[in-house]
Amino acid sequence: MTLQQHNPPHPGELIQRTYIEPFSEVTGNKVADRLGVARSTFSRLLNGISNVSPEMAVRLSSVLGGSAESWLMLQDSYDLWKARQSVDTRKLEAIDFNKVA
């Protein structure tokens, strides 16, 4: 059984709420500098405009903690939730492989 999260946050929103907002001395620009990415690149991630790539996941893991896999899973959960909101599966029909010759 797979647990599905209802309306999971974009990883950028999670980063903003968990790692930036609670700490007055931590800013998006400072995190971007530590990540070794352009400030505009990190800003797009924080604002949900861009997604966590495998490369960014490795960087986030090194700077913020957690595993690269966990950062990618957060992105996948968000992407899958969004897809489930927009894809209409009512007219799709499953193949019964027990009946296929």
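Which residues touch the most other members of the largest nonpolar core? This is a predicted model, where local features need pLDDT of at least 70 and side-chain atom pairs count only at pLDDT 80 or more, while totals for chains, interfaces and linings use all residues. Numbering starts from 1 along each chain as its sequence is written, and side-chain values use heavy atoms, with hydrogens and water left out.

**View 1. The largest nonpolar core.** I15, F42 and L60 touch the most other members of this 16-residue core. (A nonpolar core is a set of buried Ala, Val, Leu, Ile, Met, Phe, Trp, Tyr and Cys residues joined through side-chain atoms within 4.5 Å; buried means under 20% relative accessible area with a 1.4 Å probe, protein chains only.) Helix 4 gives the largest share, 4 residues. (Helices are DSSP runs of H or I, at least four residues, numbered from the N terminus.)

**View 2. Around I15.** Leaving aside residues up to four places away in sequence, I15 touches I20, F42, L45, L46, L60, L64 and W71. (Contact means heavy atoms within 4.5 Å.)

**View 3. Helix 2 against helix 3.** These two pack at an angle of about 115°, with axes 9 Å apart. (Axes are lines fitted to C-alpha atoms over the stretch in contact, and angles run from 0 to 180 degrees between N-to-C directions.) Helix 2 brings G28, N29, V31, A32, D33 and L35 to the contact, and helix 3 brings R39, F42 and L46.

**View 4. Q75 in helix 5.** Q75 counts as buried because its relative accessibility is 3%. Not counting residues up to four places away in sequence, Q75 touches H10, P11, N51 and V52.

Technical notes: Buried < 20%, exposed > 50% of the residue type's maximum accessible area, 1.4 Å probe, protein only.
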